Amino acid sequence: MSTRLLTLQKRKSAFVSVLASAALLALQPLSSRAQQAPPQVPAWLSVLIVHVKSGQGPQFEDLLKKITMANNKANRPPIQVFEVVNGEQGVYHFVSTHQALAENDTPQPPPMKPEEMANIVNRLLPTTDSARSFTARTYPQYSMLDANGAPPKLEVLRTTRVVATRGDDYVKWLETYLMPALKKAKLSNFVLSRGFLGDSPQNFYLTVPVANWAEFDQPDPVGAALGRAATDKLRGIVE
């Protein structure tokens, strides 16, 4: 079965404009301040994955700081930034959220003067090897955001690729087996999404925040809650 796990770390440098949990891919910013109502799961995620050249990470981040400072000054919605720490190195995930794709019909102008923005972009591009972007559709009914928890330091991104004709069967499996397992494991902060524009609908993404590295020393609570019988149901559904 084709399932890929990545561990991503929320960047602590100044260009991260808010404390947030999610990384690639993830998803909704969470405030460390207690809230009375849980935050709303966004309907859409815009994801940009950038591969930075070896040794260019510090310069890449320094230039991003300038953009973020201007973005904050202009009171623009924050973009979450994560770096892969257990997987391919030099990879950054940028995630922004939307309640409607129609928001893209009226794009906002750059947060700084056009010539200043062009100068930074021209310096930024040589630090990167490649980049790709896509839009994912979330499943709010299979997602949950905890407004009261402390922002985690890490995020686990689980990518599952399903057989082309079995997407609906996988969603049914999520509803029948995975969601009860997540509740049994007492996980209250996770987001499920699926590739849409620029990505295959065969790709499903589940992001789960992790408080610290010590949690990886413990048995996987979701795997234990699922059990062998539930995972066997994925045969023929997941590639």
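Why does Ser46 count as buried? At 19% relative accessibility, Ser46 falls in the buried class, because buried means under 20% relative accessible area, exposed means over 50%, and partly exposed lies in between (1.4 Å probe, protein chains only).

This is a predicted model, in which local features need pLDDT of at least 70 and side-chain atom pairs count only at pLDDT 80 or more, while totals for chains, interfaces and linings use all residues. Residues are numbered from 1 along each chain as its sequence is written, and side-chain values use heavy atoms, with hydrogens and water left out.

## The chain

The protein chain contains four helices and eight strands. Helices (H or I, at least four residues) and strands (E, at least two) are DSSP runs, numbered from the N terminus. Along the sequence, the elements follow the pattern β-β-α-β-β-α-β-β-α-β-β-α. Of the 239 residues in the protein chain, 46% count as buried. Contact means heavy atoms within 4.5 Å. Among contacts in the protein chain between residues at least 6 apart in sequence, 83% join residues at least 24 apart.

Ser46 is part of strand S2. The side chain of Ser46 makes a polar contact with the side chain of His98, at 2.9 Å. A polar contact is a pair of N or O atoms within 3.5 Å; within protein, one must be able to donate a hydrogen and the other to accept it, and residues adjacent in sequence count only if both atoms are side-chain atoms. Not counting residues up to four places away in sequence, Ser46 touches Phe94, Val95, Ser96, His98, Phe134 and Thr135.

Ala43 sits in the loop between strand S1 (3–10) and S2. With residues up to four places away in sequence set aside, Ala43 touches His98, Gln99, Ala136, Arg137 and Thr138. Ala43 and Ala100 are 57 residues apart in sequence, yet their C-alpha atoms are 6.8 Å apart in space.

The largest pocket has a volume of about 1300 Å³. Of the 42 residues that line the largest pocket, the closest to its centre are Asn71, Pro77, Ile79, Ser96 and His98. Elements giving two or more residues to this lining are strand S2 (44–52), helix H1 (57–73), strand S3 (80–86), strand S4 (91–98), helix H2 (114–124) and strand S5 (128–138). By class, the lining has 24 nonpolar, 16 polar and two charged residues. Ala, Val, Leu, Ile, Met, Phe, Trp, Tyr, Cys and Pro count as nonpolar, Asp, Glu, Lys and Arg as charged, and the others, Gly among them, as polar.

A pocket is defined on a 1 Å grid over the protein atoms alone: an open set of points where a 1.4 Å probe fits, with protein on both sides within 12 Å along at least five of seven lines; lining residues have an atom within 4 Å of a point. Grid points are joined across faces, edges and corners, and a volume is the space filled by probe spheres set on the points.

Eight of the eight residues of S8 are buried, so the strand is largely enclosed by the rest of the structure. On one side these are Asn203, Tyr205, Thr207 and Pro209; on the other they are Phe204, Leu206, Val208 and Val210.

Two strands pair if DSSP finds at least two bridges between them. Strand S6 (residues 154–161) pairs with S8 in the antiparallel sense over eight bridges, and Leu154 stands opposite Val210. S7 and S8 also run antiparallel, joined by four bridges, with Val191 opposite Thr207.

The hairpin of S7 and S8 has five residues between the strands, and Gly198 there takes a positive phi near 80°. Ser200 lies in this loop, between strand S7 (191–197) and strand S8 (203–210). A polar atom of the Ser200 side chain lies 3.0 Å from the backbone nitrogen of Gln202. Leaving aside neighbours within four places in sequence, Ser200 is in contact with Arg161 and Gly195.

| Residue | Relative accessible area | Class |
|---|---|---|
| Ala43 | 21% | partly exposed |
| Met69 | 57% | exposed |
| Asn75 | 69% | exposed |
| Lys186 | 74% | exposed |

Met69 is in helix H1. Asn75 lies in the loop between H1 and S3, and has a positive phi of about 60° although it is not a glycine. Lys186 lies in the loop between helix H3 (167–184) and S7; Lys186 is not a glycine either, and has a positive phi of about 60°.
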